[in-house]
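The tour goes stop by stop.

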Amino acid sequence: MPKTTMDLSTASKDELVTFLDSFDVIFSDCDGVLWHVDAPMDNTIETLNKLQSLKKKVFFVTNNTASGTKNICDKLRRNGFEATEDQVITLSKVIIWYLKKINFQGQAYTIGSNTFRNDLLDAGIELLDENIPKVYPNDVLATVNELSDRKSVKAVIADFNANCNWAHLNLAIACLRRADVLYITGAIDKWVFLKNGTTILGPGPLIDIITENSGRKPITVGKPSEILRNYIFEFCDITKPQRCLFIGDSINQDMKFATMCDFQKLFVSSGVDSFADSQNLIQELPEYYIPNLANLLSILNNLN
């Protein structure tokens, strides 16, 4: 563990060369690192293109399931990075892998985006009808009747859904009262960062309602989780974790996950957390820092 974090914007030429020589594989978060939810960041994609031209293998790891693998690839390509779907690691991929690994049988009740649900359906995971529970705006008792446990449900999967409501939360809690029902959570971010510096509520607080009122501890698959770690190590063929660099903007997700994996950490302050926040860490203290990933591009060009 480093005693201090190196600011790459003030590093010497020898320190930069040592930094570049210390890793072969890059794992980069997306939101807050490459773009904000509502806007791109200039020159961040170009930075990763530069690193890839230096023979670094690049992967993208995101807790955001609303876009889906194909849409993220399309977004990367529109911004100049020719990504393949194998380079994009989404939580839907990880959940599918996990469910198949444990030979899951039965229906899953899923609180998630349409893209997320479609990924699971395409992989052969049976889901409870998306119109359940039905809400009757003018008949509370009829709505309450919709909230009873569904015996066919063998897993509750809670992720981000902009249309999540009181009925969805109640049905999830009802199903989870059976001990044999799996409880899986995807993204649990409490806040989402926007380009103008404001934040909006993330999926975490709603998922907390399910967790607290069901009395169940979820199986987490997002950053930071052992399941995501195992998936990455298997599918990205990681044999030397110390030769991997993780780029992220959040402490509780990115820095903790990188530490769990024994990856080197590059913290950027263009998203959720500040550099000062990162310096309060002990185990998760990042080895490297740059205010914005785009700043690294000019440094690399000058180094050449």
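Which residues touch the most other members of the largest nonpolar core? Select Phe 27, Ile 89, Ile 232, Ile 238 and Phe 263. The core they belong to has 36 residues. Bear in mind throughout that this is a predicted model.

**The largest core**

Strands S2 (25-28), S5 (57-61), S8 (153-158) and S13 (244-248) each supply at least two residues. So do helices H4 (91-101), H5, H9 (226-235) and H10. Highlight H4: the largest share of this core, seven residues, comes from that helix.

Zoom in on Ile 232. Leaving out residues up to four places away in sequence, Ile 232 touches Phe 27, Val 61, Ile 89, Asp 237, Ile 238 and Phe 257. A second, separate core has 32 residues. To find that second core, select Ile 26, Val 33, Ile 45 and Leu 293, which are included in it.

**Helix H7**

Select residues 166-176, which form helix H7. Is this helix enclosed or open to the outside? Nine of its eleven residues are buried, so H7 is largely enclosed by the rest of the structure. The buried ones are Ala 167, His 168, Leu 169, Leu 171, Ala 172, Ile 173, Ala 174, Cys 175 and Leu 176. Show the neighbours too: the buried residues of H7 pack against S7, S8, strand S9 (182-185) and H8.

Step to the N-terminal end of H7. Asn 165 caps it. A side-chain oxygen of Asn 165 lies 3.0 Å from the backbone nitrogen of Ala 167.

**Thr 185**

Move on to strand S9, where Thr 185 is found. With a relative accessible area of 1%, Thr 185 is buried. What is Thr 185 in contact with, leaving aside neighbours within four places in sequence? Display Ala 158, Ile 207, Pro 218, Ile 219, Thr 220, Val 221 and Gly 222.

**Ser 113**

Next, centre on Ser 113, in the loop between strand S7 (107-111) and helix H5 (114-122). This serine counts as buried because its relative accessible area is 11%, and the cut-off is under 20%. Draw a distance from its side chain: a polar atom there lies 3.1 Å from the backbone nitrogen of Phe 116. Then show Thr 65, Ala 66, Phe 160 and Asn 161, which Ser 113 touches beyond four places in sequence.

**The largest pocket**

The largest pocket holds about 590 Å³ of space. Its lining has 34 residues, and the closest to its centre are Asp 31, Val 37, Asn 63, Asn 64 and Val 192. Strands S3 (35-36), S10 (191-193) and S11 (199-201) each give two or more residues to the lining, as do helices H3 (69-78) and H10 (251-261). H3 gives the most, with four residues. Colour by class: the lining has 14 nonpolar, eleven polar and nine charged residues.

**The second largest pocket**

The last stop has a volume of about 340 Å³. Of its 19 lining residues, select the closest to the centre: Ile 188, Asp 189, Lys 190, Asn 252 and Gln 253. The elements that give two or more residues here are helix H8 (204-214) and H10. Which element has the largest share of the lining of the second largest pocket? H8 does, with four residues. By class, this lining divides into seven nonpolar, seven polar and five charged residues.

Key: Residues are numbered from 1 along each chain as its sequence is written. This is a predicted model: local features need pLDDT of at least 70, side-chain atom pairs count only at pLDDT 80 or more; totals for chains, interfaces and linings use all residues. Side-chain values use heavy atoms; hydrogens and water are left out. Buried means under 20% relative accessible area, exposed over 50%, partly exposed in between (1.4 Å probe, protein chains only). A polar contact is a pair of N or O atoms within 3.5 Å; within protein, one must be able to donate a hydrogen and the other to accept it, and residues adjacent in sequence count only if both atoms are side-chain atoms. Contact means heavy atoms within 4.5 Å. On a 1 Å grid over the protein atoms alone, a cavity is a set of points where a 1.4 Å probe fits but cannot get out, and a pocket is an open set with protein on both sides within 12 Å along at least five of seven lines; lining residues have an atom within 4 Å of a point. Grid points are joined across faces, edges and corners, and a volume is the space filled by probe spheres set on the points. Ala, Val, Leu, Ile, Met, Phe, Trp, Tyr, Cys and Pro count as nonpolar, Asp, Glu, Lys and Arg as charged, and the others, Gly among them, as polar. A nonpolar core is a set of buried Ala, Val, Leu, Ile, Met, Phe, Trp, Tyr and Cys residues joined through side-chain atoms within 4.5 Å.
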